[in-house]
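Hello,

Here is the structure I promised to pass on. Please open it first, then read my notes below.

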Amino acid sequence: MHAVRFEPGGAIKLVQLPNPQPGPEDVLVQVLAAGVCRTDLHLLDEFKAGEHEPLIPGHEIAGRITKIGDDVYTAKVGDTVGVHFEQPCGRCRQCRRQRTNLCEEGTTLGFDAPGGYAEFVVAKQTTILPLPPTIDLAIAAPLGCSGATAYRAVVALGQAEEEDTVVIIGAGGVGLSAIQVSKAYNARAFVIEPREEARKAALDSGADRVVAPDEARAAFRDFATDAGANVAIDFVGTKATFELGRFLLGSGGRFVAAAPGSEAIQVTANDLVDGGKAYLGAYSSTMADFARAISLAEAGRLRPVVTRKAPLADAAQVLNELRAGKIVGRAVLFPGPMEP
């Protein structure tokens, strides 16, 4: 099969490899569409620092099952499925508590196991879900991360409800999905984004108000009439965005950090006790989150914004464009025939 592989030192190579084979409880999926996530850039930076052996990246996957293991009972050859990148062990303490995103012994497609930048990928039968028959595969692929992560941040952790005010900092691919999830639950979405083209995409995704960061504090006062946000989600991960989200959070509000960041921040006991606020970290997502994202997509309430499509061989160029800020929303790679 053809695959794109990250190499030590940061090279991105198109390589020819043997087709992988499924184990007894695995399925072999022909990758029909693979989303490109900003996390792939973080991974590539680690490769540039020499911290990894060669690896096929890609954790947003939609495809068709071409082979199943002897003990597979959840799917059959020919099924069109979405693949969740977390491959939990099913045995550890976190798995037993249904916290599969925190599995202590599993693997993760595209991070420490071969991912979706390839013609084929192997996944556990417990990590695939059937896709609606009419869904656009370019839309389906990002549901595994962009959609599921947005659902987890807005609903599973943020607990957004009807008439709540949700502040979304960063209108990248996941941020745009978070707007749609917020609106699906009849919450109001206030979006903060520095890029003009991304602000337009946020409005197109249903945001109630979209502003640049330097306008946010004054604009939010008018928007929320001093009540403060019920949920504030940071999809950027800098000290400045954390401070902004904390400033806008109202009493009883939930701050959800949904992006990694290395800048030091300070949270005191007063930040938690005064107004009964909560500060939470959104790490990955679960199969339940993934299932909800697919359901919302099937209902027409969630449609990840895809603005760039390319053949698998163009992965390096697409990643460079993403790093340069030229891609709003998601890019999707096609190992086979490319959808229009």
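Start with the largest nonpolar core, which holds 51 residues. Ile 168, Ile 179, Val 181, Val 191, Ala 202, Ile 233 and Phe 235 touch the most other members. Helix H4 (residues 146-157) gives this core its largest share, seven residues. A second, separate core has 43 residues, including Val 4, Val 83, Phe 120 and Ala 331. Keep in mind that this is a predicted model.

Take Val 191 as an example. Leaving out residues up to four places away in sequence, Val 191 touches Ile 168, Ala 171, Ile 179, Ala 202, Ala 207, Arg 209, Val 210 and Val 211.

Next, the aromatic rings. The whole structure contains eight aromatic pairs. In one, Phe 6 and Phe 47 have ring centres 5.7 Å apart and planes at 75°, so the pair is edge-to-face. Phe 6 sits in strand E1 (residues 2-6) and Phe 47 in helix H1 (residues 38-48), so the pair ties together parts 41 residues apart in sequence. Both Phe 6 and Phe 47 are buried.

Tyr 151 and Tyr 185 make a tilted pair, because their planes are at 55°; their ring centres are 6.3 Å apart. Tyr 151 is in helix H4, and Tyr 185 is in the loop between helix H5 (173-184) and strand E11 (188-192), 34 residues apart. Tyr 151 counts as buried at 9% relative accessibility. Tyr 185 is partly exposed, at 27%.

Phe 190, Phe 220 and Phe 223 form one aromatic cluster.

Last, the second largest pocket. Its volume is about 370 Å³. The lining has 16 residues, and Pro 88, Cys 89, Gly 90, Lys 124 and Thr 126 lie nearest the centre. Seven lining residues are nonpolar, six polar and three charged.

Best wishes

Methods
Residues are numbered from 1 along each chain as its sequence is written. This is a predicted model: local features need pLDDT of at least 70, side-chain atom pairs count only at pLDDT 80 or more; totals for chains, interfaces and linings use all residues. Side-chain values use heavy atoms; hydrogens and water are left out. On a 1 Å grid over the protein atoms alone, a cavity is a set of points where a 1.4 Å probe fits but cannot get out, and a pocket is an open set with protein on both sides within 12 Å along at least five of seven lines; lining residues have an atom within 4 Å of a point. Grid points are joined across faces, edges and corners, and a volume is the space filled by probe spheres set on the points. Ala, Val, Leu, Ile, Met, Phe, Trp, Tyr, Cys and Pro count as nonpolar, Asp, Glu, Lys and Arg as charged, and the others, Gly among them, as polar. A nonpolar core is a set of buried Ala, Val, Leu, Ile, Met, Phe, Trp, Tyr and Cys residues joined through side-chain atoms within 4.5 Å. Buried means under 20% relative accessible area, exposed over 50%, partly exposed in between (1.4 Å probe, protein chains only). Helices (H or I, at least four residues) and strands (E, at least two) are DSSP runs, numbered from the N terminus. Contact means heavy atoms within 4.5 Å. Rings of Phe, Tyr and Trp (its six-membered ring) pair if their centres lie within 6.5 Å; planes under 30 degrees apart count as stacked, over 60 as edge-to-face and the rest as tilted.
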